[in-house]
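Thanks for coming, everyone. I'll walk through one model, going from the whole chain down to single residues. Please have the viewer open.

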Amino acid sequence: MTTYYLSPKSNYYIEEGKYFKNEEELKDDKDQPFTEVMFKSAIKKANSAFIHRAYSNIIVLIGAGASVRCEDGAIDARFGKTVLMLAEKINEALKQDDSLFTLQELADFCKYTVPVEFEGEHGLNREFNLEDFLSDLIAFKKYVSQENADKYEASENEIFKLIIDNTSYEYDKNYLKHATFINTVSHLVKSPSKLTVVTTNYDTLIEDAADGMGYTVMDGFTFSHRPYFDSDMFEWNLVKDIENIKTNELEYKKNIINLLKLHGSLTWERDNKGIRRKEKKEVNKPIMIFPSSDKYMQSYQEPYFELFTKFQELLKRPNTLFITSGFSFADNHISQMIYQAVIHNKSLGVLITDYEIDQNNENWNKMKNLMSQNYQVAFLRATMNDNLSEYLGEYYDN
């Protein structure tokens, strides 16, 4: 059985080539079984009823999975990479350089107990967790002997460099659908509200896609020649006076989005005057929270604290629709914020979308449990670079 849409009232799934809703096979008005087109149309109608309510604010959370593009069932390595793919790249690169420790040697140093590779097989052990490993690697650094200290540090730096290099890809509208997604969701927002996009990704795909459509991105940086970080920028809007003798009207500029990059960006760098946004090629040490348990402590530093605080505040606003794409809920810090927001904000609607909605991790299951308690939580099997925008568009009943 493969589930495609799940909400407090509906469960749409496919089993043995047949289409079902709530354990009843779907059939048309002539009592004929549903086709794939009819099944997708039914899901779109159900999803439309969920998202096209009187929402005053819309927030989208984009995770690593949103940058992934699949072709014939395989991930296109030119674009987004999963954490497992990053670990595989790191493993292979370190083995090719004799001046660095291998991933297994580093794991042995810091007492990380999961073997890096399957015994007797080529390829990364799927039980290997890059985030846990990096946490141990960073924590053990102060205990490394003088003899191995330089090589250990060089290996650590190479790992971080590989993460940067493998998340620094360019937006290509011929393959990626970020622009279509932004445009579709933006049309659900009513002025003076702005669409808010929140992402854990370091890449610039959202900015590049928005720029290509003529959108203005409010990312917490000033509009100065050398933009610096000022979280107050999220509260501003772009307006102009409308000359009218009897009234003093304002017109809000269209196509503006807020962008919160919770884990930093390839285009951010710190200097003696603060945090600056630059072109990627100009940045030597980008401000990024690398995948490790230490990232929770880093989230209390500037600029992360301001970004997380803003995200939390947005989730508390009444009549808010919150959509996730490619976010697996593996990040406990962010997942807990969302969980608490659903419990305390009764007017918050949450649509969780991913390539697979029958996932089995603790935070994901907690959200499913909230749905079963009739909180406004729904799940949709769709990805940004496939059919998500289609399901979020207006529904027309033919």
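What percentage of the 398 residues of the protein chain count as buried? The figure is 48%. Buried means under 20% relative accessible area, exposed means over 50%, and partly exposed is in between, with a 1.4 Å probe and protein chains only.

Two ground rules. This is a predicted model, so local features need pLDDT of at least 70, side-chain atom pairs count only at pLDDT 80 or more, and totals for chains, interfaces and linings use all residues. Residues are numbered from 1 along each chain as its sequence is written, and side-chain values use heavy atoms, with hydrogens and water left out.

Now the overall fold. The protein chain has twelve helices and 17 strands. Those are DSSP runs, numbered from the N terminus: helices are H or I with at least four residues, strands are E with at least two. The radius of gyration is 23 Å, close to the 21 Å from the globule rule for 398 residues, so the protein chain is as compact as a globular protein of that length. That radius is taken over C-alpha atoms, and the rule is 2.2 Å times the number of residues to the power 0.38. Along its principal axes, the C-alpha trace spans about 75 × 65 × 40 Å. Take contacts between residues at least 6 apart in sequence: 67% of them join residues at least 24 apart. Contact means heavy atoms within 4.5 Å.

Next, a helix pair. Two packed helices are described by the angle between their axes and the distance between the axes. Helix α2, residues 83-95, packs on helix α5, residues 146-165, at about 130°, with the axes 10 Å apart. That makes α2 oblique to α5. On the angle classes: under 35 degrees is roughly parallel, over 145 roughly antiparallel, 65 to 115 roughly perpendicular, and the rest oblique. Axes are lines fitted to C-alpha atoms, for helices over the stretch in contact, and angles run from 0 to 180 degrees between N-to-C directions.

Who makes the contact? On α2, Ile90, Ala93 and Leu94; on α5, Glu158, Ile159, Leu162 and Ile163. These divide into six nonpolar, no polar and one charged. Nonpolar covers Ala, Val, Leu, Ile, Met, Phe, Trp, Tyr, Cys and Pro; charged covers Asp, Glu, Lys and Arg; the others, Gly among them, are polar.

On to single residues. Leu392 lies in helix α12, residues 388-392. Leu392 is buried, at 0% relative accessible area. Its contacts beyond four places in sequence include Asn47, His52, Phe181 and Ile323. Phe118 is another matter: 274 residues from Leu392 in sequence, and 41 Å away, C-alpha to C-alpha.

Ser325 sits in strand β15, residues 320-325. Ser325 is buried as well, at 1%. Among the residues Ser325 touches are Leu61, Gly63, Thr353 and Met384.

Glu249 is in strand β11, residues 249-252. Glu249 is partly exposed, at 37%.

Last, backbone angles. Most residues other than glycine have a negative phi, and most peptide bonds are trans. Glu16 has a positive phi of about 55°. Glu16 lies in the loop between β2 (11-15) and β3 (18-21), and is exposed, at 77%. Glu23 has a positive phi too, near 70°. Glu23 is in the loop between β3 and β4 (24-25), and counts as exposed, at 70%.
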